[in-house]
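Here is a short note for a colleague who is opening this model for the first time. Please read the points with the structure in view.

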Amino acid sequence: NQSSYKAQLTAVTSLESALKTFSTAVKGLKGVDKSVLTNTATFSSDGCASAKVGTTAVAGNYQFFVEQLASAHQVALEGLTDADIPTSGNMVIGQGAGSFSIDLSSIDSDSSGGNSLAELAAAINAASDNTGVNATLVRSNGNVSLVLASEKTGAANAINLSTTGVAAGAFDTATSAPRELSTAKDARVRLGGESGMLLTNASNTFDNIIDGVSMSSTKAHATGEQPLSVTVARDDKATKDKVQSFVTAINNLLGTFDSLTASGGENAARGVLAGDASIRSIEGMLNNVLRTEFGGTTLMEMGIVADRYGKLTIDTTRFEKAIAANPEGLDKLFNAKDGLLDSLDKNTAVYTTGPNNLMKARKESLNTMMRRVEDQFDGIQKQYDNYY
């Protein structure tokens, strides 16, 4: 009995590990921004932009002329010393339609009786209603400047400064006329070339600049320069590689089932879990899900078929024809809500996830049986000792 329980525990642990490995593979292919269908964007020049291409992207060639990159506003208050920072009144920092105030009477963190540039910078950064302005001190040859920078790019995030209740002096003067280090600008991109349609954005990343394509620019064009050519196309190799990773994960799991449930014979040992109800249940679930239609199509219709041993293979010819004719069908089959990957993930979770999952319960039961065997050994040993 002890030998049998130990063998079963080892087998169930192996089964649990195989299920978790499969579950991890499924989770790696599913998600809000994931799809087995892969589209790519190819650029005519490197180092100018990057793109994120979704499954809805329409194949084609597009010309972009980056007239101007977005930039964040940055200003400096120069020529100030700690003695110039007032101990009363308010410094008002505006940004777009919002603003926040720094009460200069409450920033003396070291209780020295006076304020410092460092305390002012700290108060700005710590303000609970800060609209998105970072403050830092810049030092050069003993001179200290307070630099304020917008966290976000774009003209709408420009910084403006003013004071209330502050006496005329160096601080008031510096606040009313700060040095502009960087201008707040929106990105300006023209679709179709230098004289094409103007597109503007506060950020250098244009979400869905074309349906299914988000582009981030990193370099502006000079006047008369050739625009950036972007070619959007389906990447069939990458798509097939993702599908193959799914097929491999399924086949590896089925291989574990085969080794654990082998019927045995003259030249092969019988599997420890041969005839096991749990494995039959899991296999039944997998077979049912793999044959189910999701999003109007099935694995077989997409060229993913089972051989006579039940293992999945990709019929390359059928697969390529299927995604050429119905690429969205492949995406819906695998990645749609409650599609193939969702269904497999939910059904597998019953066995591996949660405090009361079936694999955990099975191992606990076997451990309990092994403890009972140990108790029986102890009882026999006591009997022997008494007889002796």
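1. Start with S217, which lies in strand 14 (residues 213-217). Helices (H or I, at least four residues) and strands (E, at least two) are DSSP runs, numbered from the N terminus. S217 counts as buried, because its relative accessibility is 7%. Buried means under 20% relative accessible area, with a 1.4 Å probe and protein chains only; exposed is over 50%, and partly exposed lies in between.

2. What does S217 touch? Leaving out residues up to four places away in sequence, the list is C48, A49, V66, L69, V189 and N204. Contact means heavy atoms within 4.5 Å.

3. The model is predicted: local features need pLDDT of at least 70, side-chain atom pairs count only at pLDDT 80 or more, and totals for chains, interfaces and linings use all residues. Residues are numbered from 1 along each chain as its sequence is written, and side-chain values use heavy atoms, without hydrogens and water.

4. Turn to strand 8 (residues 143-150). Six of its eight residues are buried, so the rest of the structure largely encloses strand 8.

5. Strand 8 pairs with strand 7 (residues 133-140), antiparallel, over eight bridges. Two strands pair if DSSP finds at least two bridges between them. V133 stands opposite S150. The hairpin has two residues between these strands, and N141 there takes a positive phi near 50 degrees.

6. Strand 4 (residues 74-77) also runs antiparallel to strand 8, joined by four bridges. A76 has V147 as its bridge partner.

7. Last, helix 7 (residues 327-335). Its buried residues include L330, L333 and F334. The buried residues of helix 7 pack against several elements, among them helix 1 (2-29) and helix 8 (340-352).
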